[in-house]
Amino acid sequence: NITSQRCAVSCFSRMLFCRFRDIFDKFGPPMAPYRAAQFLKSRLAGRPRISMAGSFTSAETGVLNVMFVNRSSFKGRDAGSALRKPEMENIFNLDQLLEGCSLSAHLRCISFEFGRFGVAADVRAMRHTHLLIGTHGSALTNSLFMQIGSAMAEVRAYGFEGDWPDRYFLQLLSQEHAIHYWKVTTLDRLLMHPPPPATATGWEARDNRRVELPPDAFCTLLRGVRSVNHSRDQYLARRDVGGNVITSNLSGGHRLLTPTQWG
């Protein structure tokens, strides 16, 4: 930064990239977001660790580590930013899904709030996460810090489908297929709280992300992720026939599943 003092250096705590594509083109044509994120991850590796609860500290053989995005009203470091509305952004029945996970010896599920402890802490939280799941939003970008072959599942709100929503995480992760993209499509508007109009699309659909994820749809997702087993080839074979898209509706969605069904 040029100041009145020649060659003086000013340090900034925040940087805003307005054109992600231009910044990271040098990491590979036409765009390599995973490679760029891993570069950032390597630069943060030496940062002092913050002791925090709520993230995985290890990965056990045969156990799937699942992290749910849990947004709160925390404003972050920018005092001028608008307060979040977590009641409209989180999975509606998150507590039910976490309780169901506890039934299985082959699952470990937690919820995590990104941004509260800084980017270095967020990067470390991804180290042992196998599946990151949440509604549409920037928190899902943290999937780029996971190990190659891990999975991210975007739970779409009712009506939030088409070319515009696909321009975000579907296209982003499809650049390299280092992280496997999964989508849960909500077919029944009664899974939204409150239910939107039957004709909801675009911004109207995106702004209400308080979507209920039925346990059977969640378990279908888990079985799909397990079947791929971190393999790029197996994931692409499944994706090519639409196998990475899970449909969610009210049919049987409120059944009490057994520990075996939870995986």
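Predicted model: local features only at pLDDT ≥ 70, side-chain atom pairs only at ≥ 80, totals over all residues.
Residues are numbered from 1 along each chain as its sequence is written. Local features need pLDDT of at least 70 and side-chain atom pairs count only at pLDDT 80 or more, while totals for chains, interfaces and linings use all residues, and side-chain values use heavy atoms, with hydrogens and water left out.

Colleague: Is C219 buried or exposed?

Modeller: Buried means under 20% relative accessible area, exposed over 50%, and partly exposed in between (1.4 Å probe, protein chains only). For C219 the relative accessible area is 3%. That makes C219 buried.

Colleague: And which cysteine sulfur is nearest to C219, which is in no disulfide?

Modeller: C101 itself is buried, as is C109. The sulfur nearest to C219 is 8.0 Å away, and it belongs to C101.

Colleague: Which elements give two or more residues to the lining of the largest cavity?

Modeller: On a 1 Å grid over the protein atoms alone, a cavity is a set of points where a 1.4 Å probe fits but cannot get out, and lining residues have an atom within 4 Å of a point. The lining includes P33, Y34, L172 and L173. With helices taken as DSSP runs (H or I, at least four residues), numbered from the N terminus, the elements are helix 2 (33-44) and helix 6 (169-174).

Note on methods: 1 Å grid on protein atoms, 1.4 Å probe; cavity = no way out; pocket = protein on both sides within 12 Å on 5 of 7 lines; lining within 4 Å. Disulfide = S-S within 2.5 Å.
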